[in-house]
Structures are given as structure tokens and as C-alpha cells.
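Good morning, and thank you for coming.

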Amino acid sequence: MDSIYRYPHYYEIAYSYRNIPAEVDVMEEAIRKYSKIPVHTVLELACGNSPHMVELATRGYEYCGLDLNPTMIEFAQNKASAHNLDVRFYLANFIDFRLEGPKDFIYIMLGSLYVNNADELVSHFSNVYKALKPGGLYFLDWCIDFSPLDNSEDSWVMRRDGITVSTRYTTRLRNAAEQLYEENILFTIRDRGRQQKLLHTGIRRAIFPQEFVLAATKLNDFELLGWWNDWNWNRPLGEGRGEIIRPITILRKI
Ligand SMILES: C[S@@+](CC[C@H](N)C(=O)[O-])C[C@H]1O[C@@H](n2cnc3c(N)ncnc32)[C@H](O)[C@@H]1O
């Protein structure tokens with residue numbers, strides 16, 4: 001079956017449940033609360049279709065995106081051109097990348113921090129460190145596994161322009177000791193009478209909070225400013241606070 005990442009248009013519809021202006025509000029509030037530097041340049045890691053790009057550019061930020069999938073980058077580049085935006089894309093791996101100069105703010109969305117082992121996690125932080133100005137923030141959406149690994153399942157349906165994308169997301173535990181699980185994202189698409197199925201399947205390595213903190217703040221010089229549940233400043237993560245939904249985490253380069 002073809003991969004969901006070869007069809008960015010369907011990917012964009014499937015993940016359009018997010019309130020992008022509200023998410024950019026939260027990022028701006030993070031900057032106001034915690035950044036030690038003014039923010040003009042922003043870099044999205046694993047940018048894919050760059051869902052926040054237009055909103056950020058409209059608010060005056062200079063956007064750059066980095067991804068290793070050329071089809072996703074081409075889609076984002078076309079979207080930028082359609083909006084007359086002057087943006088920059090890097091075809092690169094966030095485990096090991098170089099930019100021509102450091103940015104003021106870096107972010108990564110939807111748990112896209114795919115690493116295969118602890119070395120890659122440490123390498124990721126050391127490259128993000130180099131790509132960020134001192135005092136700047138690294139904002140992460142859903143990249144830490146705050147709960148023990150388990151089999152899980154979620155599904156939702158999104159519609160746009162006569163196209164329906166039904167998504168089924170599942171995880172299956174593969175090796176608890178190695179923190180590995182299989183992730184499957186299945187799209188069933190109905191596009192003007194035609195039905196098609198697309199699948200992304202891959203082995204993911206869970207990143208637990210202790211390991212995240214060690215790699216970011218002990219093996220690299222980031223400060224952990226905190227983590228919050230459901231993108232909500234009134235819900236800092238802690239013991240006994242119920243189900244964890246799309247947590248955000250904020251680091252600052254010392
Ligand atoms: C879940 S999508 C996120 C897309 C977009 N940022 C969003 O918020 O919807 C994950 C993206 O991560 C990219 N990706 C996965 N591993 C990567 C890596 N090691 N370096 C750069 N990009 C990567 C994939 O190509 C894909 O476009």
C-alpha cells in the first residue's frame with residue numbers, strides 16, 4: 001500500500017482537526033513568557049506540509065521548514081508560493097543537520113521526534129542546540145511518552161472539498177525493554193467517488209521523560225522550562241492529573 005506521506009494533500013486534510021491560529025497563539029505566549037531573545041526567524045523540524053507556516057508568516061515571522069521527505073517539502077513550497085511567501089526549506093534529517101545560521105525559535109509538532117536509539121536523541125539535541133540562538137526556545141508538541149507503553153487505537157474522520165479522509169492510528173508494543181513499538185497510520189480516502197487506502201507503518205522508539213531530560217539538559221545545554229497537558233498553561237503536567245493529551249514541552253538554550 002502507498003504511504004500517506006506520498007499524498008500530502010490527504011495528509012493535510014486528515015490532520016486539519018487542529019486549530020492552527022490557537023496553536024500559534026500558544027507558541028507566541030511561550031515566546032512572551034520564556035524567550036530571552038526577540039523572535040523573527042522560526043524553524044519547524046519535521047515540517048511535512050508546514051501547517052503553521054501561513055499563520056506564522058501572516059504574523060510577521062520568517063518561516064523555515066526542515067524535513068527528509070521531498071514530496072512533503074514540495075507540497076509546502078507550493079503552498080508558500082500560492083500565498084506569495086518567501087520561505088526556506090531544508091531537505092535534511094533532524095538527527096544530523098546544519099543550517100547557514102542559527103534561528104530564534106525552533107518547534108516540532110505532533111510527536112514527530114522519531115529516533116531509533118539514545119545516541120540519535122542526543123545527536124538531535126546537539127544539532128538543535130547549534131541551530132538555535134542562545135536564549136531561544138525549542139518547543140515540542142507530544143514528543144515525550146509520559147505513560148508506559150501500551151497498545152493503543154484512535155480514529156477520526158475529516159472532510160474538505162468533497163474529500164473524506166478516515167484515519168485509524170494504532171500502536172502495538174514490540175519490545176518493552178528496548179522501548180520499541182509499531183506505529184500504523186491508515187487513511188481510507190473517498191475522493192469524488194473513488195476510494196483509496198494509504199498506510200504509514202514504522203517502528204518508533206518511545207522517549208520517556210527521564211531520558212528526554214537527560215539528553216536535553218545534562219548531555220546538552222538546554223534548560224527545561226516545563227511541560228503542560230493539552231496545550232494549556234493552566235494544566236502543568238504532574239502526578240495524578242488524568243489522561244495526557246498532546247502535551248507540550250519547552251526547552252531554552254542556555
Ligand atoms: C506527523 S508528520 C508532521 C508534519 C507536520 N509538522 C504537522 O504538524 O502536521 C511527520 C513528518 O516528519 C518527517 N520526518 C520523520 N523523520 C524525520 C527526520 N529524521 N528528519 C526530518 N524529518 C522527519 C516526515 O517526513 C513527516 O513529514
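The ligand is surrounded by 17 residues, and the closest are A46, G48, N69, F94 and M109. Sorted by class, this shell holds twelve nonpolar residues, four polar residues and one charged residue. Please bear in mind throughout that this is a predicted model.

L68 itself sits in the loop between β2 (62–67) and α4 (70–82). Leaving out residues up to four places away in sequence, L68 touches L91, A92 and N93.

Let me now turn to the overall arrangement. The domain assignment of the protein chain gives domain 1, covering 4–146 + 207–253, and domain 2, covering 152–205. Taken over C-alpha atoms, the centres of domain 1 and domain 2 are separated by 21 Å. Twelve residues from domain 1 and 14 residues from domain 2 take part in the contact. On the side of domain 1 that touches domain 2, nine residues are nonpolar, three are polar and none is charged.

The largest nonpolar core has 50 residues, and I106, Y138 and F139 touch the most other members. With neighbours within four places in sequence set aside, F139 is in contact with M27, A30, Y107, I248 and I250. There is also a second, separate core of eleven residues, which includes Y7, Y10, Y11 and F187.

Helix α5 has 14 residues, 118–131, and reaches 20 Å from its first C-alpha to its last, close to the 20 Å expected at 1.5 Å a residue. Which residues of α5 are buried? They are L121, S123, H124, F125, N127, V128 and A131. These buried residues of α5 pack against the strands β1 (41–45), β4 (103–108), β5 (132–141) and β10 (222–228), and against the helix α6 (209–218).

Why does V128 count as buried? It does so because V128 has 23 C-beta neighbours inside 10 Å, and the threshold is 20 or more. Apart from neighbours within four places in sequence, V128 is in contact with I106 and Y138. The C-alpha atoms of V128 and I106 are separated by 7.9 Å, with the two residues 22 apart along the chain.

I close with two points of backbone geometry. Most residues other than glycine have a negative phi. S50, however, has a positive phi near 50 degrees. S50 lies in the loop between β1 and α3 (53–58), and S50 is buried because 27 other C-beta atoms are within 10 Å.

The second case is Q179, where phi is also positive, near 65 degrees. Q179 belongs to the loop between β7 (163–175) and β8 (180–191). How many other C-beta atoms lie within 10 Å of Q179? There are 18, so Q179 is classed as partly exposed.

That concludes the presentation, and I would welcome your questions.

Methods. Residues numbered from 1 in each chain as written. Predicted model: local features only at pLDDT ≥ 70, side-chain atom pairs only at ≥ 80, totals over all residues. Core = buried A, V, L, I, M, F, W, Y, C linked by C-beta atoms within 7 Å. Buried ≥ 20, exposed ≤ 12 C-beta atoms within 10 Å, placed from the backbone. Contact = placed C-beta atoms within 7 Å. Near = placed C-beta within 6 Å. Nonpolar A, V, L, I, M, F, W, Y, C, P; charged D, E, K, R; others polar. Domains from an automatic or database assignment. Helix = DSSP H or I, 4+ residues; strand = E, 2+ residues; numbered from the N terminus. Expected span 1.5 Å × (residues − 1).
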